[in-house]
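These are my notebook entries on one structure.

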Amino acid sequence: MLIQKPADLQPSEITPPELYARRREFLKTAAVVGAAVLLPRGVVQAATDDDLKLTPYKDVTSYNNFYEFGSGKTDPAEYAGSLKTKPWTVTVEGHCEKPGQYALEDFLAPHTSEERIYRLRCVEAWSMVIPWLGIPLAKILPRFQPTASAKYVEFTTLFDPAQMPGQKTRLLPWPYIEGLRMDEAMHPLTLLATGLYGKELPNQNGAPLRLVVPWKYGFKSIKSIVKIRFTDQPPVTSWNREAPQEYGFYANVNPDVDHPRWSQKKERRIGEFFRRDTLPFNGYADQVAGLYANMDLRKNF
Ligand SMILES: Nc1nc2c(c(=O)[nH]1)N[C@H]1C(S)=C(S)[C@@H](COP(=O)(O)O)O[C@H]1N2
Ligand SMILES: [Mo]
C-alpha cells in the first residue's frame, strides 16, 4: 500500500507506469499479509485477477469525460493544462458546526492517501480499472461536525471559464454539481481521490481532488472539487437538471435498468475487444446493496 500524501510525493518516489505492474506483483504478495490488518473487513473486493486487470495509464489519462474542457474524449487531455491546481481551496458550508475555507493540505490533513483499485463504469457503457490514491470521505467529513439535519452532501466543481473553456458553452448547467446521501458519503468505499497510478491526479482526471464512488455511474464521481455543502434536501445535480428522464439522483450501476437510449447490460472495458456483462452495483453489491434495502431501484435510478 502506498501511504503518502500527494504533496509528499517526490519525483524520485513516483513509480513510472511501466514499472507499476511489477510493483503490483510485489504488493500483491505483501497484501496477503497486510491487507487484513490495514483495511476494514469487506472493503477489499474479492475478484478475479482478470476482472481487476489495470487499464493502461495512457488510456486512463487520454480517454476522459470532463465537459469543462469539451465533450470529446480526448479534449480533457488536450485542454486541461490550463487548470491551475496550486494553490487550491475547499469551501465547507451548510449544516455543520465547522464550516470554512480550507487550503487543500489542511482539508486533507492529517490523513494520508492510500491505494484503492476500483472499477469506474461510465453510463456510456465503457469502464476502466484504476489504481486510485485517495482518502475515504468518511475519514474527512466528521471533522466538520455535520449536524443532525445534514442528510445529504453536495459537491461543486470549480467554475472559471478562463481556466475551463468548456464552461463558455452550454454543454451542461455550470458549475458541475453532484451529491450523495449521507450514508453513501460515509460508506468506506467512497473515496476522495488525490492521485492515480502512484502519482498526483492529472488535470484531465480531476486534479487536485475528485470523488470516486465505484458502485455508481461515473458521472457521480465529480472532479476538481472546490465546495462541499451539507444539506437537508437532495442536491440538484447537473446531469439530473440537464436530462432528468435519463440521469437520476442515485445513478447506481444497474444492468436491469436501461438508459432510455441504450442498454446497460454490457460494457466495454477500455483496451478490451469483447464486451463484458455489467455487474449490479458495478461489482460492489456485497458491500453496498444494504444501503438501498427498502428502495425500488427502478424508480430511484
Ligand atoms: N466536473 C466534472 N466531473 C466529472 C465529469 C465532468 O464532465 N465534469 N464527468 C463525469 C463522468 S461522466 C465520468 S465517466 C468520469 C470520468 O472520469 P475519468 O475521466 O477520470 O475516467 O468523471 C465524472 N466527473
Ligand atoms: Mo460517465
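**Entry 1: a proline in a loop.** I began with Pro110, which sits in the loop between α4 (104-108) and β3 (114-121). I took the element names from DSSP runs numbered from the N terminus, where a helix is H or I with at least four residues and a strand is E with at least two. The bond that joins Ala109 to Pro110 is a cis peptide bond, with omega about 5°.

**Entry 2: what I am reading from.** I note that this is a predicted model, in which local features need pLDDT of at least 70 and side-chain atom pairs count only at pLDDT 80 or more, while totals for chains, interfaces and linings use all residues. Residues are numbered from 1 along each chain as its sequence is written, chains are lettered from A and ligands numbered from 1 in the order in which they are written, and side-chain values use heavy atoms, with hydrogens and water left out.

**Entry 3: another cis bond.** I also found a cis peptide bond from Lys86 to Pro87, where omega is near -5°. Pro87 belongs to the loop between α3 (75-79) and β1 (89-94). I wrote down the reason for checking: most residues other than glycine have a negative phi, and most peptide bonds are trans.

**Entry 4: positive phi.** Which value does phi take at Ala251? I read about 55°, which is positive although Ala251 is not a glycine. Ala251 is in the loop between α7 (238-242) and β11 (266-269). Its relative accessibility is 3%, so Ala251 counts as buried (buried means under 20% relative accessible area, exposed over 50%, and partly exposed in between, with a 1.4 Å probe and protein chains only).

I then looked at Phe281, whose phi is positive too, near 50°. Phe281 lies in the loop between β12 (276-277) and α8 (285-288). At 10% relative accessibility, Phe281 is buried.

**Entry 5: around Gln167.** Gln167 is in the loop between β5 (152-157) and β6 (177-181). Is Gln167 buried or exposed? I found 5% relative accessibility, so Gln167 is buried. Leaving out residues up to four places away in sequence, I listed the contacts of Gln167 as Glu68, Leu158, Phe159, Asp160, Pro161 and Trp174. Contact here means heavy atoms within 4.5 Å.

**Entry 6: salt bridges.** How many salt bridges are there? I got a count of 17, taking a salt bridge as a side-chain nitrogen of Lys or Arg within 4 Å of a carboxyl oxygen of Asp or Glu.

One of them joins the side chains of Arg181 and Asp183, at 2.8 Å from N to O. Arg181 is buried at 14% relative accessibility, whereas Asp183 is partly exposed at 32%.

I next followed the salt bridge between Glu184 and Lys216, at 2.7 Å from N to O. Glu184 is in helix α6 (residues 182-185) and Lys216 in the loop between β9 (210-212) and β10 (225-231), so this pair ties together parts 32 residues apart in sequence. Both Glu184 and Lys216 are buried.

Glu246 pairs with Arg261, and their closest N and O atoms are 2.7 Å apart. Both residues are in the loop between α7 and β11, 15 residues apart. Glu246 is buried, with a relative accessible area of 14%, but Arg261 is exposed at 56% relative accessibility.
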